[in-house]
Amino acid sequence: MSDFKRKSKSLKNLQKKLNQQLSSIYKDIELADTFEELSDKLMHLMGLDQTCYLPVAAQNKWSERDVILITYADSLLEADKKPLATLQHFIDKYLGKSINSVHILPFFPYSSDDGFSVIDYSSVNESFGDWSDIQAIAKDRRLMSDLVINHCSSRSAWFQNFIKGEGVGHDFFYTANPDDDLSKVVRPRTSDLLNEVQTGKGVQHVWCTFSHDQVDFDFSNPAVLESFVTIIRQYLDMGVRIFRLDAVAFLWKKANSECINLPETHTVIRLLRTLIEHAQPDAIIITETNIPNVQNLTYFGNANEAHAIYNFALPPLLVHTLVSEDCKHLKRWLMSMPPAQNGTCYFNFIASHDGIGLRPVEGLLSDQELNTLAVTLESFGGKTSWRTTDQGQQKPYEINIALYDALQGTVEGEDKLGFYRFICAHAIMLGLEGIPGIYIHSLLGTRNDYEKLQNTQHNRAINRHRWDYNALEEKLSGHPDHHKNVLSEMKHLINIRIKQKAFHPNATQFTLHLKEQLFGFWRQSQDRAQSIFCISNVSTNTLDLSLSELNLIITENWYELITGAKIAPSQSTISLLPYQTLWISNLDMDV
């Protein structure tokens, strides 16, 4: 078959697949274009009529070397320097080959929510830098960018055209009648859902899932989809290879429904994956869906939807484990988690620009345990954000606190084991099945920013500190303090992790049954050559681990990777200090 015929057949198959997806999305909507015409438009906007790749099914586009730094563009500030340039300098100088990927949180012009109320999707916030700075980072690291797909800023040109009633964007936004029954709608905020706006076409009530400055798109209008495909194409051209679909669970709205996790939402994600994979084979989609765990898992689809999903249950479960000194809930959850199919994986994190979300552990932790966790973290300086249930009850939705402060004690109060508890949390996360993401403030051991909290009156600001870069460098290069010690120990763990085949995101994982305060799991490389037993003491007491519980193969040599110690064949027990983690491997992988 000639190249021309092969390409023609590939494009026809692609168009057929797009037609099916579009017919599923818009089955009840009268469109100006046929599905064939619309799929032609999308393929052209994505550039697939020029270059079109054939995706490889069930391909893992990641390895044990992948670790993602999560940061704002302006987390580090230096006089007379563009923040993006300062960020690149920090990554190159202090992280080197330890971190190969970086998630720069929304770096576009915005009006609120620290970037998640986007004014212009096509440009870089000039106070951060420009596209050349983004491309410079993408040249050496795998770049992850947010696609804020559910809503945009009320100050955007699109929404201003909506108000005028003409121009691009005049029909991009979802409206409803205040007399409609909206009682089923699920959302994570207590503000009014509808915002009354005077437009050129009269009074409109705009749907605002998150805030009145964040107006929701109406994806039942294909022009919205076309605009986002154009945006995706631009981001690919600028070097983006990982797309974080922000708040995507709320994308599709429908009368008399919960307006979350609707079938059309899932199909839109599958359609975007289809387009992206044919345009850039190594690009992936990660869905950000801060919802109960069982619902979150549905965003894998049949290995044809998100390549990766945020493991939202992990942060609250892990923090609960370490402050309660009890791993039963974490162990039970891990045992119930299905292994990710090839071509999909989990995205693990325990801290981010947002707080510690509690909705993902509804049904995993009791209301009493959730309230105890909230009270404990509030005693360490945290703030609790609330949501209103269908019954009008107030329930904790998110705890806002720097992770370093969250782990400064237990339910009994603050103690002197905070550093070890903090490192233990990351040692557990780095060993788990999936790709790890590490917030820049976790790498640096940043504490609660009470000044920013006071100035902004936004709870999330407590964990969004902006470092003076010169002051930070003094801390990292001078006498050891906790910031320098945290970075050193974190890099030590990361540098071990990225050399272990048993830590591949899709390597086998099995939960171990140990004593109540020892949390453990076993990883095995895909070629079955390497095993790693990951054991953590989640208590304030020194505990003994009987090696007979691990069934170490006697014909193998065994090593503890974190300390570099060799385990003697005659050794029967190992003592674990409070919050110590062991990575026991049959291979010493050049750590």
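Which element gives the largest share of the lining of the largest pocket? Strand 15 does, with three residues. Ground rules first: this is a predicted model, where local features need pLDDT of at least 70, side-chain atom pairs count only at pLDDT 80 or more, and totals for chains, interfaces and linings use all residues. Residues are numbered from 1 along each chain as its sequence is written, and side-chain values use heavy atoms, with hydrogens and water left out.

Back to the pocket. Its volume is about 590 Å³. Lining residues have an atom within 4 Å of a pocket point, on a 1 Å grid with a 1.4 Å probe; a pocket is an open set with protein on both sides within 12 Å along at least five of seven lines. There are 23 of these residues, and D113, R189, H458, N459 and R460 are the closest to the centre. By class, the lining has five nonpolar, 11 polar and seven charged residues.

Now the packing. A nonpolar core joins buried nonpolar residues through side-chain atoms within 4.5 Å, and buried means under 20% relative accessible area with a 1.4 Å probe. The largest core has 170 residues. F90, I104, Y121, F217 and W583 touch the most other members. Apart from that core lies another, of 17 residues, including W522 and F533.

Last, two helices. The axes of helix 9 (residues 314-324) and helix 10 (residues 328-336) come within 8 Å and cross at roughly 145°. Axes are lines fitted to C-alpha atoms over the stretch in contact, with angles from 0 to 180 degrees between N-to-C directions. Their contact residues divide into five nonpolar, three polar and no charged.

Methods: Buried means under 20% relative accessible area, exposed over 50%, partly exposed in between (1.4 Å probe, protein chains only). Helices (H or I, at least four residues) and strands (E, at least two) are DSSP runs, numbered from the N terminus. Ala, Val, Leu, Ile, Met, Phe, Trp, Tyr, Cys and Pro count as nonpolar, Asp, Glu, Lys and Arg as charged, and the others, Gly among them, as polar. Grid points are joined across faces, edges and corners, and a volume is the space filled by probe spheres set on the points.
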